[in-house]
Amino acid sequence: MTHNTPLSPRPLRHLSEIHRRVMTAAQLKSHGVGTAETNEQCRPGGPWQQLLPGVVLLHPGPPTGEERLHAALMYASRERTPGVPAQPNAGEEHAAPAYPEVMITGLAALTLHGFSAAPPLTALDTVDVLVPRMRRLRSTGCARILRTAALPTPRQVTGIPVAPVPRALADAVAELTDASAVRRLLTEAVRGGHCEPASVVRELNQAKLLGRPHVVDAVDSLLAEGRAIAEDRLYAMVHEHGLPDPVWNVDLRLPGGPHLGGLDAYWPEQAVAVELDTRAPRQEEDALWSEYARKRETLERLGITVVHITPKKLRDGTEQQAAVVRTALMAAADRDPAAYVVVLPR
């Protein structure tokens with residue numbers, strides 16, 4: 001038998017191409033290929049090879065990156081559902097099998113998400129697979145098992161369940177000691193529009209990685225990059241949606257009195273301010289939020305309307321945020337005049 005020979009009693013025509021090349025021992029058995037025959041085909045120099053325990057590569061030679069991904073998922077899935085993983089029905093040639101409660105994470109996931117700073121799949125020694133914490137499964141061969149108490153919702157990339165970018169970044173950074181590599185990945189995550197800095201920092205914090213100096217340095221660069229992008233989006237929102245020009249990046253003070261705080265945009269005639277919330281969810285989050293809240297309460301007591309906008313809202317709902325600001329500007333005529341404040345460049 002060669003790797004192109006149809007298996008009986010069920011032929012492999014209904015499987016997608018990748019699943020004619022990588023199968024579990026249980027799948028082979030369902031096609032009439034018993035353990036003894038599988039072992040014979042996987043002998044040294046034979047046409048097949050055992051890529052991972054219970055997972056067979058149906059050709060000689062090195063596996064492709066895609067084959068390694070599917071092999072790792074098959075290995076991680078096999079214990080949860082004994083027997084044959086879900087397969088597409090006849091006629092659904094390009095449908096992918098189900099991989100319940102497992103997903104690719106780490107550098108392999110970032111490669112699948114399209115990160116140019118992540119290495120190609122063939123350059124990775126191992127493929128990280130995220131599984132529930134209670135799974136009894138060991139890392140072996142090209143599959144490294146990572147456990148989590150709460151699985152995130154995966155994204156499907158070419159039929160492969162992939163961890164969201166923030167979680168994949170945290171799992172990748174946990175294994176990296178090269179500061180420049182960490183910085184490149186975090187910067188691309190934000191600059192490439194994959195996610196917002198806050199979601200990345202949240203995952204890094206949960207993974208207890210913020211105590212590593214090279215990670216802290218990269219996070220500082222990430223936050224600076226994220227703020228610059230958010231400011232550019234705010235500027236674009238004002239001009240693209242026809243809002244009147246504000247004064248940008250100012251500090252407010254009471255005449256002869258205390259400093260009231262900095263603002264990203266301010267319309268003095270209408271006493272309307274916009275503040276970007278670019279806080280990172282670190283240990284001091286509660287203290288930072290208290291500072292935000294105190295400043296907002298102080299300004300609103302003086303009659304100044306504060307519109308609080310997160311970078312995510314600016315990215316995903318620019319039109320809605322512009323409408324919120326426009327409404328606040330239009331409502332100014334119906335409010336009592338605000339207290340006089342001094343506006344200074346920040």
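Strand E9 (residues 247–253) pairs with strand E13 in the antiparallel sense, over 4 bridges. Within this pairing, Val250 has Pro345 of E13 as its bridge partner. The model is a predicted one, and the two strands belong to an open sheet of 5 strands with mixed pairing.

**The sheet**

- The strand order of the open sheet is E12-E11-E10-E9-E13.
- Strand E12 (305–309) and strand E13 (342–345) stand at the edges with a single partner strand each, so one side of each has no neighbour in the sheet.
- From one strand to the next, the twist averages 45°.

**The helix across the sheet**

- Helix H11 (residues 318–331) lies across strand E10 (259–267), strand E11 (272–276) and strand E12.
- Relative to E12, helix H11 runs at about 175°.

**Asp264 in strand E10**

- Asp264 is located in strand E10.
- Asp264 counts as buried because its relative accessibility is 4%, and buried means under 20%.
- The side chains of Asp264 and Arg227 are joined by a polar contact of 2.9 Å.
- Leaving aside neighbours within four places in sequence, Asp264 is in contact with residues including Arg227, Glu231 and Leu234.
- Val247, Trp248 and Asn249 are also among the contacts of Asp264 when neighbours within four places in sequence are left aside.

Key: Residues are numbered from 1 along each chain as its sequence is written. This is a predicted model: local features need pLDDT of at least 70, side-chain atom pairs count only at pLDDT 80 or more; totals for chains, interfaces and linings use all residues. Side-chain values use heavy atoms; hydrogens and water are left out. Two strands pair if DSSP finds at least two bridges between them. Axes are lines fitted to C-alpha atoms, for helices over the stretch in contact, and angles run from 0 to 180 degrees between N-to-C directions. Contact means heavy atoms within 4.5 Å. Buried means under 20% relative accessible area, exposed over 50%, partly exposed in between (1.4 Å probe, protein chains only). A polar contact is a pair of N or O atoms within 3.5 Å; within protein, one must be able to donate a hydrogen and the other to accept it, and residues adjacent in sequence count only if both atoms are side-chain atoms.
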